[in-house]
Structures are given as C-alpha cells and as structure tokens.
Amino acid sequence: MKVEKRAQTHAHGQEDQKMKTRKHKGDTKTNDQTEQQSPTKKARQETESHDGRQTNGRGRSSDISKEYEEFCKAIRENLSVDQLKEILKLNGEEPSGPDDALISKCQDLLFYGAVLECPVCGGYLEFSGNRYSCTGALSEWSTCTYKTKNPPRKEDPIKLPDSVHKSSVSDLLKKYQDPSQRHQKEIPPAQKPFTGMVISLSGRLTQTHQYWRREIEKHGGKVANTVIGVTCLVVSPMERERGGSSKVTEAVERGIPVVREAWLNDSIEKQEPQPLEAYDCVSDLSTYGKGIPWDKQDPSEEAIESLTAELKMYGKRGVYKDTMLQQQGGEILEKDGLLYNCGFSLCDQGRGVNEIAITQLITVPEKKLHLYYKRGKVGDDPKAQERLEEWDNEGDAIQEFARLFEELTGNEFQLWETEKKFQKKPQKFHVIDMDDGFDARYGALGIRQLGSAAAHCKLDPMVANFMKVLCSQEIYRYALMEMALDSPDLPVGMVTDLHIKRCEDVLLQFIETVKSQKEGGPKTEALWSDFSSKWFTLMHSTLPFIIKDFQELADHAAAPLETVRDVTVASHLIGDMSGSTLEDPLSERYKKLGCKISRLEKDSNDYKMIVNYLEKTYEPIKVGEISYDVSVDNIFSVDLSAGPSYEDIKKLPNKVLLWCGTPSSNLLRHLQKGFLPALCSLPAPGYMFGRAIVCSDAAAEAARYGFTAVDRPEGFLVLAVASLGDEIIEVGSPPEDTKSLEERKVGVKGLGKRKTDESEHFVWKDDIKVPAGSLVPAEPEQKDTILDFNEYAVYDPNQVRISFLVGVKYIEKNVEIDVAE
C-alpha cells in the first residue's frame, strides 16, 4: 500500500514534488504521436538542363502536385474500381472500403509506390488528413496509433494485372513502375487552427489585443472590432463577474459564442480549433444541460460539474437516475440470484473512443417491466444512444437484455454473471464488475446532513466531527475527481474485489513487460499505448491519455487503483446514510470501524511533542503557484484492532515515529484494516522501494498528500511507529532489485536532498526514536536521489502501527482566510 497522494500532472521536467489539484493543473495535455521517419532512401539529385527543364523525375513541389493531379484524373477516367481493387490485391494492399477511398489509395500506390506494412503491428498504412495512419490493431484492447508523414515504401516494381496492361493508361503506368523514377510524396503543412475564422476581442486579457491580433493572423484567422458576423468573442472571465461589456451583451443577443482566452492558447498549442462550447464564459459555471461531453470540457469546468453532479448509479442495485423510475419505487430485476444491471466501458486511444454503456431491467410496482439502454460519452452527450422500453413478457425482456450484453461485449451474459468468464473482444466493451452496495459518492452524508449527523452523535464531539468528515460525500468526490475517475454514470467506488484484482494483474504484468524492453522506439511506444487503452477501459477515466513513462504510471494507474480499492472499502463501511440522521449513524459507523479514537488534550506531553515534531519538520507546500502553511486543528490517539498491537511493536528493534501522508478518502480503510504495502515497484516516489509501506521523517512530505482541495483546505497526517528491523540499508537512488528487499524484509532508508538535524532527535518512550530535527541539506549531497526528504520502507505490515492522527488546516501564506465550516 502506498499511502501518498499523487499529484495529477502529466508534465515532465516540472517541479514533480509540487502538489497540483485538477482545478490548478489545467490537465489538457495531448498525446501526439512522435513522427516516425522512413528508412533513408537513395538520394535523388534534382538537376536542370540549360533550357530550364527538370530531369530525373524530381521537379519542384508545385510541378509534382500538378503532375499527380493529371495522373489521378487519367486513372479515374480509364480504370474501373474492380481493376483498382485487383491492383491493390496484387501489391499486398487491403482492397476493401468505400470506392472513393479505394481510388485514392490505388492512385497513391501507382504514383509513389506501394506502402510497406506498419512497422509496429504489421497493419495497413492509409493516408488520412496530412499523414499516414495504421488501420491495424495492437491487441483486442486497442487499435494501432502509429502515424507518419513518410511511410516506408516497397522498392519493387508495381505489379499490374493483364487487363490494366491492355488499357489506354498502360504506358503512363509503366513510367512509374521503375522505383528510381518515382517521386517522394510531399505533404503540405496542416491547416492553421483559426483558418476561416473571424474573432473579436473584448476587455483586459492576459496579453494585449495587439499581441493576440498578431497571433490570430499568424494562425490563419482575422480580428474584427465588432461582433457582427464573427466566429466568437474572446473575453476575460472577469467580464462575467462585471456584468459584461456592450460587446458581450451584443454577442449574447446575437447568439455568438463568448469564450475565455484559454480557447486561443489551447487551439494554438494543439494546432486545431478547440470546441467553443467547452470554453463558454457567460453561461452558468455548471455546464449541465449544454450537451457537452466531459472529455470535451475544459478540465476546471469538468471538475466543477463532477463535484456537483449526482451519481446516476450507486451500485449493482442502483436504478439509473435518468430513467426517473427510482422515484416510482423502481428496483433492479433479481431472478435466480442474478441482478440484471450491467455497466460497460470502452477506451481505444487509436480510434479516439472513450464511451460507457448501461443496460438494466427495472421492475416498477403495478407497472410493466422496463428495459433501459444507454451508450455514449460521459456527461451530457447529445449523440448518446438511449432508450427506455416497456416489456409485457419477462422472458422476452431477459432475452433482449442478454442479446444487448453480447452485442456490446461479444460475451454471454450467463457465463459472466454465474462464472465470471469474460474475454475482451476487439472494438467491444468490457464489463465493469459492480458490487452490491452504495458508492460513497451516493451513500455517504450530503452537505445538508453533516451538521445534523454530528449534532445527534453520542460520541465525543471532536471524534464525532472526525467521523463526520470521513463519512461525507465530499472527500470521495474530490479524490476521484482529482484522478479523473469521477464518471457519474459508473460506480467506480463500488466495484468488486475481483475487478480490482483484475486491474492489479494487468498493471503488474505490464510493468514486468515494459521493464524487460531493452530499447525504445515505435514498438515500445505501442506497448504503452496498448496498456493505456486497456487501463482506461478497466478503470474508466473522464480524461484518458497515453501513459508514456513510469512517473505517469505511478500517478495515473498505481495510485488511482489503490485509491479505488480504499474508497470501495469505505463505501462498504459507510453504506447508505442518505436517510434520517436522528438515529446516530456516525456512532454505528464508528463501531463498524473497530478501532478506538481518542482526542489528545492540548496540554498533554504527547500533544506538545507532536506539535513540536510537525513544526520542526514542516515547510510550506505548493499547490499550483500558492504556498500553504498548516495549523494543527486536533490530534487523536488511535488504537487499531487490525495489525500489530502496541505491546507487539514495542518489543521490536529500531523503532521510529514517522509521518505518513494519505488522502482523507483512503483513511477509513487504513483505520479498519491497517496499512498495506504498495501495489508495485516503479522508479518513482512512493514506489521506488517496491511493495513496501513508505513513511518519512518530514511532515512536509506527508502534508503534500493530505491536502484535499483549495476549497476544502483540511486533511489528516498519520503518525505511525515503524520498526526498521535488525538490518537497515541506506540507498541514495531507486534500488534496482526490490524483490530481494521484499523477501528479506529488511528496513530501507532512502536518502533525500534534505534531512532532519540529528542533534535534535530524541527518544520518546519504549525506546521509540523521534527524528524531530530542523530540516537541513543532506551531507554529503545526494545527487542521484529523486527524494526531497528521507523516506523509510518497511516490508512487513506487522512492523508498522498507526498511533496518531493529526488534523490540520492548510492556510494560504500571507492571506487571512476563514477556515470555519
């Protein structure tokens, strides 16, 4: 188990140790494929005779284009589609597809030469847009993402059928049969993002209007001083707060889109115009109802909608919200031990597909059986397929449900539900194995219930407030939103152990495979692409992308999987608290937790010791560009029923009191079942020691991961007693062989760039060392480390015991804020 929260960022070379929430990160990274170069061909010299005529078949680009146009016209007028199919087949090309596509493909082959198969998957390369793309598949999970402007071509003469040899264009074709006489295809640059657009500017932008005029014109657009007839009006978001200028008013009246300045930046960065509706600046912040799928929205807008959106399906028994049948007493049909409710996910990076599907059979008192079906993108997708049907005969409805399951997945419903047998099929959905319970985003306390729940709780008021926080929907919404696992259509926080185990197996298998690759190149890139499609199918994301390195694998696969595992445990413990709070539901959940939590008095020695430890080893953390200090709110002593007892721990050698950072969303699981080792071994912080429990002697390290969100500036830091064992190994860089460390269960100390001043360390009780020293530069300097502070790895969960929880408030530096709820 890894108890750190990972920053949600895809960028390399930036301050990796800074925390970033999704609202700050503007996670709009694209995953453009690196252009692959064709093998070097024999250089062809362009020479001219004295009269200016071209020789050797390599004329100027304009001459070649004209020659190609005339060639294509001749082919189209003199050869039939059947003849072109025969040419394609003889030369190893796929002769299927629409007639226009076949004609273009064959013209390209005859003029420039036959294209070799894809060097990654062996599929066909076809010209589309301004480059060649592979039409093959990497696996049943994904299509190939290989693209190039200069594909490798066969050096053999073009093979022609007898019917073409006898045609009127035979002599023309023979001219290009000789590979040495062929031209090299020159692809014109891509169209500029603002081509054909007229854009108006208003208000104070981050850049001057003159600057944007130059940039817009440089990228193909024009700038107008009025809003009449323009494509859109670009304004500062402040325009909305100020009520808008006359330009804004006129644009709204005329139905002209009013967008934020970010639309210009993102369109230029991605070299294609971004959807205007995703950057809307005058409608309400929530984009619900505008018909914009979440993956097309600006990340900050999508985050806002995620936090406010109601979960549409809470678990295996959850009637999908959009059916409106739950209000009529609707329930999922249960027959012969089977629940007729399935959720599906499909992500294919090669085809740009990211969809969900839902099928349900719903019984309604005194009404007919209903079948609900939906397929589309996450969010308010206007193109989604959706229907709600009434059925007279239950057997027929069940048969139709099974048919839809097979149509979506290529698998049999009965085999899946009864034996959990499932085989992913190409371009088909994978089923999401929902569990029978309530996703915490639905079952936990809503905002309006929090005060009442705490008021009716019989626990100590401070402990009641602590339980209120851990049983609130907000922390689970924030956690899944941070990791882009916040689909309202699927209960990501209520999946089965089998589904989590399947995801873990996929992750571990991929890590083993990619670590065995000795070289990079297109085939290694294809491995990452295939894994990304597989991963974001099993763990459905609102913002999928192609994971490209181990740090991204840690941030967007390993850490999210651990969070989903822990949120699922929390969801089962919390259950359904959506009803009345008069019967003290918090005390009931506290009993289910199975541990004793006691508030430390502020004048106690332990309280003072912990505050001193925090102050000595803390330094401001950064969220985006804002620095935060912390203040201690409360400190709780914890006695877990799971894991080793304090009596067991105090008998062990080399005991140290260490900090552990964890999101609030993961805390209920830790308190109920204790810490677990990390899922995997990766050369990235939190995973560099392999399957270990990782802690730090710096509160600053733990505080990075306890932060919840800007508008929820609170969190918990864990203090645990860890025994490092009889043998302690110090490392200054990620260990190459973590398996031997796991097997030997030795203690490992990872050396950071900064350490705690050892002259200030002291022994607390029962020979437990407290490294509460001021943070100072490490000596000697650790040049190879990836750690900012010292970290400690323990491989046996029986050598770690959670002892204290430190509730903290994050306070923006140099700004007074109201931290009251």
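Is the crossing of H19 and H20 left-handed or right-handed? The crossing is left-handed, meaning that the near helix is turned anticlockwise from the far one by less than a right angle, clockwise being right-handed.

Some background before I go on. This is a predicted model, where local features need pLDDT of at least 70 and side-chain atom pairs count only at pLDDT 80 or more, while totals for chains, interfaces and linings use all residues. Residues are numbered from 1 along each chain as its sequence is written, and side-chain values use heavy atoms, leaving out hydrogens and water. Helices (H or I, at least four residues) and strands (E, at least two) are DSSP runs, numbered from the N terminus.

Back to the helix pair. The axes of H19 (residues 522-538) and H20 (residues 550-574) come within 12 Å and cross at roughly 20 degrees. Axes here are lines fitted to C-alpha atoms, for helices over the stretch in contact, with angles from 0 to 180 degrees between N-to-C directions. H19 is therefore roughly parallel to H20; the classes are under 35 degrees for roughly parallel, over 145 for roughly antiparallel, 65 to 115 for roughly perpendicular, and oblique for the rest.

On the H19 side, Trp528, Phe531, Trp535 and Phe536 meet residues of H20 that include Phe550 and Leu561. Contact means heavy atoms within 4.5 Å. By class, this contact has 8 nonpolar, 1 polar and no charged residues. Nonpolar covers Ala, Val, Leu, Ile, Met, Phe, Trp, Tyr, Cys and Pro; charged covers Asp, Glu, Lys and Arg; the others, Gly among them, are polar.

H20 also packs with H21 (residues 585-593), at an angle of about 125 degrees and with the axes 9 Å apart. That makes H20 oblique to H21. His572, Leu573 and Ile574 of H20 touch Arg589, Lys592 and Leu593 of H21. This contact divides into 3 nonpolar, 1 polar and 2 charged residues.

Next, the sheet. It is open, with 4 strands in the order E9-E8-E10-E11 and parallel pairing; two strands pair if DSSP finds at least two bridges between them. E9 (222-224) and E11 (258-260) stand at the edges with a single partner strand each, so one side of each has no neighbour in the sheet. Neighbouring strands are turned by 40 degrees against each other on average, direction ignored. E8 (residues 198-201) is joined to E9 by 3 bridges, and Ser200 has Ala224 in E9 as its bridge partner. Helix H7 (residues 209-218) packs on the sheet, touching E8 and E9, and its direction makes about 170 degrees with that of E8.
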